[in-house]
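Please look through the model shown here before reading my remarks. I have kept them in numbered points.

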There are 4 protein chains.
Amino acid sequence: MTYKAAVVGAAGFAGIECARLLLAHPSFDLAVVTSDALAGTPLAKAYPAFAGATDLAFRANDEAQADLASCDVAFLAVPHTASLGLTPQLMAQGVTVIDLSADFRLRDPVVYEQWYGVPHTATDLLARAAFGLPEVAADQLACAAADHAAGNAVLVACAGCYPTATSLAAAPLIREGLLATAGAVVVDAVSGVTGAGKKATERTHFCFADENLEAYGVGTHRHTPEIEQILGLEGRLVFTPHLAPLNRGLLSTVTLPVVAGTAVPSAEELTALYESFYAGRPLVTVLPAGQLPRTDSVAGTCRAHVAAVPDARTRSIVAVGAIDNLGKGAAGQAVQCANIVFGLPEDAGLAAVAVPV
Amino acid sequence: MTYKAAVVGAAGFAGIECARLLLAHPSFDLAVVTSDALAGTPLAKAYPAFAGATDLAFRANDEAQADLASCDVAFLAVPHTASLGLTPQLMAQGVTVIDLSADFRLRDPVVYEQWYGVPHTATDLLARAAFGLPEVAADQLACAAADHAAGNAVLVACAGCYPTATSLAAAPLIREGLLATAGAVVVDAVSGVTGAGKKATERTHFCFADENLEAYGVGTHRHTPEIEQILGLEGRLVFTPHLAPLNRGLLSTVTLPVVAGTAVPSAEELTALYESFYAGRPLVTVLPAGQLPRTDSVAGTCRAHVAAVPDARTRSIVAVGAIDNLGKGAAGQAVQCANIVFGLPEDAGLAAVAVPV
Amino acid sequence: MTYKAAVVGAAGFAGIECARLLLAHPSFDLAVVTSDALAGTPLAKAYPAFAGATDLAFRANDEAQADLASCDVAFLAVPHTASLGLTPQLMAQGVTVIDLSADFRLRDPVVYEQWYGVPHTATDLLARAAFGLPEVAADQLACAAADHAAGNAVLVACAGCYPTATSLAAAPLIREGLLATAGAVVVDAVSGVTGAGKKATERTHFCFADENLEAYGVGTHRHTPEIEQILGLEGRLVFTPHLAPLNRGLLSTVTLPVVAGTAVPSAEELTALYESFYAGRPLVTVLPAGQLPRTDSVAGTCRAHVAAVPDARTRSIVAVGAIDNLGKGAAGQAVQCANIVFGLPEDAGLAAVAVPV
Amino acid sequence: MTYKAAVVGAAGFAGIECARLLLAHPSFDLAVVTSDALAGTPLAKAYPAFAGATDLAFRANDEAQADLASCDVAFLAVPHTASLGLTPQLMAQGVTVIDLSADFRLRDPVVYEQWYGVPHTATDLLARAAFGLPEVAADQLACAAADHAAGNAVLVACAGCYPTATSLAAAPLIREGLLATAGAVVVDAVSGVTGAGKKATERTHFCFADENLEAYGVGTHRHTPEIEQILGLEGRLVFTPHLAPLNRGLLSTVTLPVVAGTAVPSAEELTALYESFYAGRPLVTVLPAGQLPRTDSVAGTCRAHVAAVPDARTRSIVAVGAIDNLGKGAAGQAVQCANIVFGLPEDAGLAAVAVPV
């Protein structure tokens, strides 16, 4: 059995990656891809990777409305706020929405307005949105799957890229009670340039990104409250994102103080703790003690690699997570969430490994 | 039905890519991967892309001999000369050999000795080796497939990376009789650094390869006679390979003088000619007139993109081919050849498209 | 003694590099840098490399007119056609013009119109323009220097980046009479992305340039007639430019058929010929036989490395030139030309070597 | 007046960069460059950036001993422990030693043995070694300069790359008393691959470094005690170094908890504090509030860019420093220290700015 799928806003990097994954998916049929900017353009013209592989073309959203309404699932790869209007409309038409945008991630509309600078205009849906980070928020997706199995259109708000890598790296420690009750949790994360989006700007210009490292958005990045919400770290997270000269890949390094009165675990104990936490999860791999995640080992995939290293000297633990920001950090995770909602194996269509070199 | 497969010499870049493709292949079961240098090491340790995806480990060639002999097919990703001994032995055991090395590519052992500096010690197999470049040398592979269907172990000598990109770009013109009867055919090709192999040397050191362009092996590269043989260009090929700072990708730019007495075709005529030449070939895509191949559109895949542009002013045609040097240029093509020999769809397990960005 | 200098159009890549060189020059005082787009912006804000090093700010061209008129020399780093109007005006005010644009490079206004698509509106200056490629067109610059010494404002039309690398590589062979009288001269050249300019476009987007190789402008690049003019190759040049993922660097590979009746010279003979041709020229270095130019060895400098390799088998010579497209290919050469015109050592302010790694 | 200088161990990346700087220095004459591995090889052959610029060749250390002894200053770019023997010997011959290695950085030989795994065998020199980080440890260099002016050979132990960027970023805050009395100081720093050295290994292989981000040496990197010593942070530093795909550049992001009872300063207050701290220092530039350091703005130079951003929400300050790991992080700083010792302007020969793009 196959399901009819759409990608709304498919011209951008997350959207087109979503389209790529769906085109090769065993259970979703990609029927509609929309982009007002590229309406009428074949995917293969805008992204020649598709040359010889698909004749699909981008369609204007208005023109495609009837076809969208007939889909089983729509992946929204739109800028924040755009989803606030689209989602209720699609759900009313019985279409399950997998939202890659930030619009339904934060539970509290006040926090949303604080960080995004605009009021939330679909607050009634917030309670219905399952958070899309399967390995860390399994219950919500299970509820959504049950709801969907009962014949309802459901809504998944997929986690952002930095929150995904950071939460996968830190969640086992925090859930296990190893985090000190006070003191900052410091996240320094580095992203490839696809994370900056498709728009041609000075920031994304090759000559300003190549051979350069920089921090940005210190103290102000919108993923901050999202990470705090996932990990229960309100007011304790110092999050500094960085940009480095590569296309795909996101490495999050999380430094956490260990709770008083507990011995700092050994590397092997940490590995065992992580393996237990992620047991049965096909897309998160805990590396053996002594090995650290590399982004090139997950590039182009929906996989995450994690590891944690104790620093007894300072009573800290350094946890590291590596993902592809467009894979497990966006489109791949969206498809993984859809798999779960539709009762498919969570890694259906997502099992590919990275090119080894 | 599935076939038991081995990769011999799997620690190198072409070998490990071959292993990756076979692990996901619908009809080949990867049973044995050998490497004397890494014997005992899990693939996932040497190449962490495999972490969480396979428990296979490299085995020493000696130790794996019995298992190799029981395979239906062995992919040899070994340095040249190593294949001269291995191939007869495996074929005698009934194992079909897909040779990624240069040992059986050149028909004439004199030419082999001239360019490789060592005598050919398995000349009796030369006549039996099918040349592994399916879209350009279809007949030989068809014979091999028939031979294999009759129950025989066969040998395929897969084309090299530069010969593949160059031949795919130029073959339609030459086969169509558009090449002048005299004058050099100039091939300037640029490869990513995976083409220089896994060995850590000054050439492959990041700091000497990054932000650098260079030509190498001018007039002496061993792919020269191979290209001349494929295209019937004996003594007319000026081939200059270059290195550029990227991992995977090979672009070959071929400049050919147009035969006297013929109008130089238009871009559209050339496109039509190419489309006709490659009709029915799923892994070679002719780009529409006005579009030129980009290596990132085929990176990580077994696909090739080609285009040809007329330059009436100089009565020349510039043909361009883009491949992944480890994909269509090595491991992917090897699997494609195996598919053909085993009667499978030629793109079985090879249909993936590149990440769009 | 110092001279007052201006850079007009300094916001772009060639202009700002020119500003950098002049700020450190022993004999030119950079007094004015203009950019209408960035008027009022400190150089250090637009290009933070200057932070802590200069307080200069970009000025609007109109506002700076009086100061421009008082300069001894103006470097024009403007788009083609803009120079057609600016140059006569500045020269009338007694300002020597070093033009980095294409407006006065081509002797024949018909050819200019053919390739640039606009009529030439300052044809009277064409005969007065010295071509700015000192090692290949020394006489014209010598005349300009004499003219300038006599108190006149002079005009130098600096060579383009591809013509510079290509001509430096090929000129000794052609001037020596080694080129066959018929047959194409094939130039495949590869440029870093700074060559595509500062404008943020899909072409210059990191994610479309990184890990990619492509050819562009086949048969239509505007440097074609410029190279033909310099080398006397009318109608014989097949020039294909390529883009590779690096910031600065341009490698030109030139394949030339050897004239009939002459033995193809040995590598050592070619090296000797080149060394003789470039004797006394501090900024062009002939590499020893067996060594080939690398762009990273000249990046950030005004230097060029050249070498030529014989291919007796095909009666061809492959000549290779490496430059920094913004250095010897643009701003550095402009300053070199100014040095000559003002009677300074030609490498004054330009002697820096590249970082070794 | 000029001084005779030597670089010992000049074949590596820091050594050859030192040679480049000295070759262009107004007051040091580079007389001797040694390398046992490359003895007899011209610099221009090993590093073609020098082609056409110098005829110097590497010499064996033994063979060069007499010439070394006649130098005014020797820059030691040798592996740790090698300097323990060389330094006393050179100083006994009256040669001032600028040591780029780690051998004399740590005051306490017990700490040295703990982190470097070997006993310190020249402990008597530890007290005489001036720490080479001029903007943070000015007094020690002033003493060394006075000592040198009195006719004595002196010893400078130049700071490491990570300690330099980190200390320049954090010192003003800590010296000003803004750091909380407890809680970890977290340093996540990212280096380009030249930081991994010249040796060709899997780590420095282009294909394993390109398009990859990774952390390494978590909790164990030898720069940890050095940073703690400089900043007075014994036992409080969690230092995680990372590798990113660029040649030169090091970005250090330092997260510090603000002392209780003090308002977290504003961005403008922090900028003012930093500007005051670095007043009169030509090679450290404090960026205006709102601007963050980029490594490409200091690549190839001896400059550092720093900035600090308050995060009142978490009562933290994030301080960022950017340097070229081989420039201000190694060879440039060594020359800066030598300048100070010899009574020259501290930026003599070091004033170059980075290429703007």
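Predicted model: local features only at pLDDT ≥ 70, side-chain atom pairs only at ≥ 80, totals over all residues.

1. Residues are numbered from 1 along each chain as its sequence is written, chains are lettered from A in the order in which they are written, and side-chain values use heavy atoms, with hydrogens and water left out.

2. Chain A has 11 helices and 13 strands, where helices (H or I, at least four residues) and strands (E, at least two) are DSSP runs numbered from the N terminus. The radius of gyration of chain A is 20 Å, close to the 21 Å that the globule rule gives for 357 residues, so chain A is as compact as a globular protein of that length; the radius is taken over C-alpha atoms, and the rule is 2.2 Å times the number of residues to the power 0.38.

3. Of the 357 residues of chain A, 65% count as buried, which is to say under 20% relative accessible area, with exposed meaning over 50% and partly exposed in between (1.4 Å probe, protein chains only). Among contacts (heavy atoms within 4.5 Å) in chain A between residues at least 6 apart in sequence, 72% join residues at least 24 apart.

4. Chain A carries 20 positive and 33 negative side chains, and the centres of the two sets lie 2 Å apart. Here Lys and Arg count as positive and Asp and Glu as negative, while His and the chain ends are not counted; each charge is placed at NZ of Lys, CZ of Arg, CG of Asp or CD of Glu.

5. Over all chains the structure holds 48 salt bridges, each being a side-chain nitrogen of Lys or Arg within 4 Å of a carboxyl oxygen of Asp or Glu. In one of them D:R294 pairs with A:E214, with the closest N and O atoms 3.2 Å apart. D:R294 lies in the loop between β11 (284–286) and β12 (304–311) of chain D and A:E214 in strand β8 (residues 214–215) of chain A, so the pair joins two chains. D:R294 counts as buried at 13% relative accessibility, and A:E214 is buried at 8%.

6. A salt bridge also links C:E228 with B:R313, the closest N and O atoms being 2.7 Å apart. This pair crosses between chains, from helix α9 (residues 223–231) of chain C to the loop between β12 (304–311) and β13 (316–323) of chain B. C:E228 is buried at 4% relative accessibility, whereas B:R313 is partly exposed at 35%.
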